[in-house]
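This report concerns selected local features of a single protein model. Please examine the sequence and the structure before reading on.

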Amino acid sequence: MDRSKARVSKKNSDLTKYGLKNVTAKWNLEGEALQKITLEKGMGTETENGTLCVNTGKFTGRSPKDRFLVKDDYTEDKVWWGRTNKPIAPENFDRLYQEVASYLSDKEIYIRDAYVCADPKYRMNVRTITEYPWSNFFVKNMFLRLEENEYEDFEEEWLVLCAPGYEAKNPETFGIRAGNFSILNFTKKIALIGGSAYTGEMKKGIFSALNLILPTEKDVLPMHCSANVGKDGDTAIFFGLSGTGKTTLSADPDRKLIGDDEHGWTSDDTIFNFEGGCYAKAIDLSEEKEPDIYRAVRPGALLENVVFKPGTNEVDYADSSITQNTRVSYPIEHIDNIKVPSHADNPENIFFLTCDAFGVLPPVSKLTPGQAAYHFISGYTAKVAGTEAGIDEPVPSFSACFGEPFMPLHPTFYAEMLSKKMKETGVNVWLINTGWTGGPYGVGSRIKLRYTRAMITSILEGELEKVDYDQHPIFGLHMPKYCKDVPSEMLDPMNTWLQKGAYVSKAIQLAHSFHLNFDKFINQASDEIMHGAPLIDAHQILDPHL
């Protein structure tokens, strides 16, 4: 049986309604077929174990400056317009869409019917039409896959149209910046992508759409986080920007993985995964450091922008000559210890992960609801010297809600939802510093992974509910006095610095950075959120007794 033909929706297979004419459509192909086509077209290679590798070309990451939302009656009063969410007029979107549809006409295209949101109550069907076979391979991995009997009656709610080979001529006439673009139209329910082959644009496009639809229409808090569940059914979620340990710390042999990146928290007291796969960074990947991800790189996975060792088909994961942002996508089933289905009960613990290269935040602290909302909105970590050209010392980095580029609503909207759910459920929220202790980067040392794991284990086992706490004099954070298997002296970061005055000075410097970053949110932040801010700012007089 030709499964590609058997997987065409009889109710919804007319492609002319999308403006596509005379196309040769390949419907819902298996990964093996898409891999074969990719190789035949000279668009990819295979590793020594048969995993498909592709090069995404000019764009090896998202292009946030070229992301737009159609501004119309639906979005005008909802969206937080500005640097992150740039408007485009409906008529300009329509013209671009027509050009992309015309560009794809008379070509071979690849169609994938799938859905997002693992909780059936919030399921959203998505049809993706791609110019490249390996783009379709990525969607097969990342979105949730249909049962065989669901294809015939499939009807999409959203459409993703992805044409990497199209670039807009005279982009300014369309109200965009360059020839490439990623645009969401919430009224027509279309994600339109052109000029970029970076597959993450499709994933993050639908994620961004859910970040507006779920909270405003479904009372669901969307979260850029990983999640796992213990043997007794206790759920934990991990927020964190790149380099903070989100993937590493949520991968626990004693707990089942719900998902590694995007989840919803419902008013029905459940957490659910948005996706059916994982999209992990592959730079410096090794079996020793990341065994689950390393073993997931096998046929059925898709590697992006990696480099082979000379004269071989063995991946050199340390080679960043194409990009630091090498990636691998794979179905979540490539991970052995997963939660099926990928949803669970209310979380008992939430972890905010930060890599504080200034060495001033405690390695573990418990947050009040106001502090949780404040740090959630702030989304703090630090860029370390040497990671980017021109960075010679740590630089604060803030991304609202730990995912600002994907958040259409004002960050305080999501923070108020989080605070409300915290109070309703009694969930504990913790700030975990996976960065430096004993001084800033270059002076102190990175907090050992075994200590961070010990802190998280103590929290999950309820041990930190039984200890006494001190309050940090500058950030107001509540620091445990004792944690099993962690040196007590490091729990208060001031104790680890040789010069206490230098510590206080650096802590006030970082607190000031928090205040400056938060200025843009003050007008819409509640009093409770503002009370979660650092207690002291650089403009205040230093107390010599601190």
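This is a predicted model: local features need pLDDT of at least 70, side-chain atom pairs count only at pLDDT 80 or more; totals for chains, interfaces and linings use all residues.

**Backbone geometry**

Most residues other than glycine have a negative phi, and most peptide bonds are trans. The peptide bond from valine 340 to proline 341 is cis, and its omega is near -10°. Proline 341 belongs to the loop between strand 18 (327–331) and strand 19 (343–345).

The other two sites concern positive phi values. Asparagine 170, a residue other than glycine, has a phi near 50°; cysteine 401, also not a glycine, has a phi of about 60°. Asparagine 170 is located in the loop that runs between strand 8 (158–163) and strand 9 (181–185), whereas cysteine 401 is placed in the loop between strand 23 (395–398) and helix 9 (411–425).

**Accessibility**

| Residue | Relative accessibility | Class |
|---|---|---|
| Cysteine 401 | 1% | buried |
| Glutamate 348 | 46% | partly exposed |
| Asparagine 170 | 49% | partly exposed |

Cysteine 401 counts as buried because its relative accessibility is 1%, and buried means under 20%.

Burial also extends over an entire helix. Ten of the ten residues of helix 4 (residues 133–142) are buried, and the helix is therefore largely enclosed by the rest of the structure. Among these buried residues are Trp134, Phe137, Phe138 and Lys140.

**Surface charge**

Asp232, Asp269, Asp345 and Glu348 together form a negative surface patch. Of these, glutamate 348 lies in strand 20 (residues 347–354).

Notes: Residues are numbered from 1 along each chain as its sequence is written. Side-chain values use heavy atoms; hydrogens and water are left out. Patches are made of residues with over 30% relative accessible area and no salt bridge: like charges are joined within 9 Å, nonpolar side chains (Val, Leu, Ile, Met, Phe, Trp, Tyr) within 5 Å. Accessible areas come from the Shrake-Rupley method with a 1.4 Å probe; for residues, only the protein chains shown count as cover. A salt bridge is a side-chain nitrogen of Lys or Arg within 4 Å of a carboxyl oxygen of Asp or Glu. Lys and Arg count as positive and Asp and Glu as negative; His and the chain ends are not counted. The place of a charge is taken as NZ of Lys, CZ of Arg, CG of Asp or CD of Glu. Helices (H or I, at least four residues) and strands (E, at least two) are DSSP runs, numbered from the N terminus. Buried means under 20% relative accessible area, exposed over 50%, partly exposed in between (1.4 Å probe, protein chains only).
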